[in-house]
Amino acid sequence: MESSEWPKAIFYDSKTTLFDWNPVWIKACSDILARCEASVDNEEFQKTWLEFLVRLNCRHAFAE
């Protein structure tokens, strides 16, 4: 891929400012658990995943 073909920007709406992402996250988590044949509660998995994601984003956003 040529560098001129790379995206000029990447949009990320982590706090549902513009879009309600909950239905998307619920479906994605459900699909991941089904694919892995995991016996984990979908809601608990989603909650843990999002908490991890927010912590990771904050750590990088406020790092030196």
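This is a predicted model: local features need pLDDT of at least 70, side-chain atom pairs count only at pLDDT 80 or more; totals for chains, interfaces and linings use all residues.

Biologist: Okay, start with Q46: is Q46 buried or exposed?

Modeller: Q46 belongs to helix 2, which covers residues 42-61. The relative accessibility of Q46 is 11%. The cut-off for buried is under 20%, so Q46 counts as buried.

Biologist: Which residues does Q46 touch, leaving out those up to four places away in sequence?

Modeller: Contact here takes heavy atoms within 4.5 Å. With residues up to four places away in sequence left out, Q46 touches N22, W25, I26 and C29.

Biologist: C29 is on that list. How far from the sulfur of C29 is the nearest cysteine sulfur?

Modeller: A disulfide needs two cysteine sulfur atoms within 2.5 Å, and the count by that rule is zero. C29 is in no disulfide, and its nearest cysteine sulfur belongs to C36, at a distance of 11 Å. C29 is also buried, at a relative accessible area of 2%. The distance you asked for is 11 Å.

Biologist: On to charges. Which side chains meet in a salt bridge?

Modeller: The structure holds one salt bridge. Both partners lie in helix 1, four residues apart, about one turn of the helix. In an α-helix there are 3.6 residues a turn, so residues three or four places apart point the same way. The N to O distance is 2.8 Å, and the side chains are those of D31 and K27.

Biologist: How far does helix 1 reach from its first C-alpha to its last?

Modeller: Helix 1 has 14 residues. At 1.5 Å a residue, the expected span is 20 Å, and the model comes close to that. First C-alpha to last, the reach is 20 Å.

Biologist: Last one: which residues form a nonpolar patch on the surface?

Modeller: One member, F19, sits in the segment before helix 1. F19 is partly exposed, at 44% relative accessible area. Together the patch has about 350 Å² of accessible area, and its residues are F11, L18 and F19.

Conventions
Residues are numbered from 1 along each chain as its sequence is written. Side-chain values use heavy atoms; hydrogens and water are left out. A salt bridge is a side-chain nitrogen of Lys or Arg within 4 Å of a carboxyl oxygen of Asp or Glu. Helices (H or I, at least four residues) and strands (E, at least two) are DSSP runs, numbered from the N terminus. The expected span of a helix is 1.5 Å times one less than its number of residues. Patches are made of residues with over 30% relative accessible area and no salt bridge: like charges are joined within 9 Å, nonpolar side chains (Val, Leu, Ile, Met, Phe, Trp, Tyr) within 5 Å. Accessible areas come from the Shrake-Rupley method with a 1.4 Å probe; for residues, only the protein chains shown count as cover. Buried means under 20% relative accessible area, exposed over 50%, partly exposed in between (1.4 Å probe, protein chains only).
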